[in-house]
Amino acid sequence: MKPKILFIPAYIAPLKHYERLIPQLRDKYDVGFLIIDTDNIRRREVIEYCKDKGHLFYVLDKGLQGSTRFRIPFFTPLKERYEHSVACRKFLETVKPAKIISYKSWYSFDTIFKEANRAGVETIVLQWASAAPRRN
């Protein structure tokens, strides 16, 4: 069994960039995608694309959904953050990825990076560069 390498796309464009790396990585790794987002159009688009292409993917959204019934300022965000941390730990224990790669490390990806580092999983943040628009 090959080690798993998971890319975290926030939406379809980064997924298509990561997808270009699959041919170079598939001999050494099982390549997949980790979708960390609430249920929205961008997430559904990524999931549908992964299904159509036959890509391995996981969805990790526990603690991100929020409670719409009853919210307590300060407490509710901490509770949700804790739930997300626990879900990340469970995910890492069951899936056992070797590497997790993203192009950003802020919320909501920061929690999986924190828990992966704690568990000894290698985490990588790719540097993205885009051309600056030409000024007139």
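A: We begin with a definition: rings of Phe, Tyr and Trp pair if their centres lie within 6.5 Å, and planes under 30 degrees apart count as stacked. Please note that this is a predicted model.

Q: How many aromatic pairs does the structure hold?

A: In general, a pair of aromatic rings is described by the distance of the centres and the angle of the planes. Here there are three aromatic pairs. One of them joins Phe7 and Tyr18, with 4.7 Å between the centres and 25 degrees between the planes, and is stacked. Phe7 belongs to strand S1 and Tyr18 to helix H1, so this pair ties together parts eleven residues apart in sequence.

Q: Which kind of pair do Phe7 and Phe33 form?

A: Phe7 and Phe33 form a tilted pair, at 6.4 Å centre to centre and 40 degrees between the planes. This pair links strand S1 with strand S2, across 26 residues.

Q: Is Phe33 buried or exposed?

A: Phe33 is buried, because its relative accessible area is 0% and the cut-off for buried is under 20%. Phe7 is also buried, at 1%, as is Tyr18, at 1%.

Q: Which residues have the most contacts inside the largest nonpolar core?

A: In soluble globular proteins, nonpolar side chains tend to be buried together. The largest nonpolar core here has 36 residues, and those with the most contacts inside it are Leu34, Ile36, Leu60, Phe91, Ile100 and Ile112. Helix H4 supplies the largest share of this core, five residues.

Notes. Residues are numbered from 1 along each chain as its sequence is written. This is a predicted model: local features need pLDDT of at least 70, side-chain atom pairs count only at pLDDT 80 or more; totals for chains, interfaces and linings use all residues. Side-chain values use heavy atoms; hydrogens and water are left out. A nonpolar core is a set of buried Ala, Val, Leu, Ile, Met, Phe, Trp, Tyr and Cys residues joined through side-chain atoms within 4.5 Å. Buried means under 20% relative accessible area, exposed over 50%, partly exposed in between (1.4 Å probe, protein chains only). Helices (H or I, at least four residues) and strands (E, at least two) are DSSP runs, numbered from the N terminus. Rings of Phe, Tyr and Trp (its six-membered ring) pair if their centres lie within 6.5 Å; planes under 30 degrees apart count as stacked, over 60 as edge-to-face and the rest as tilted.
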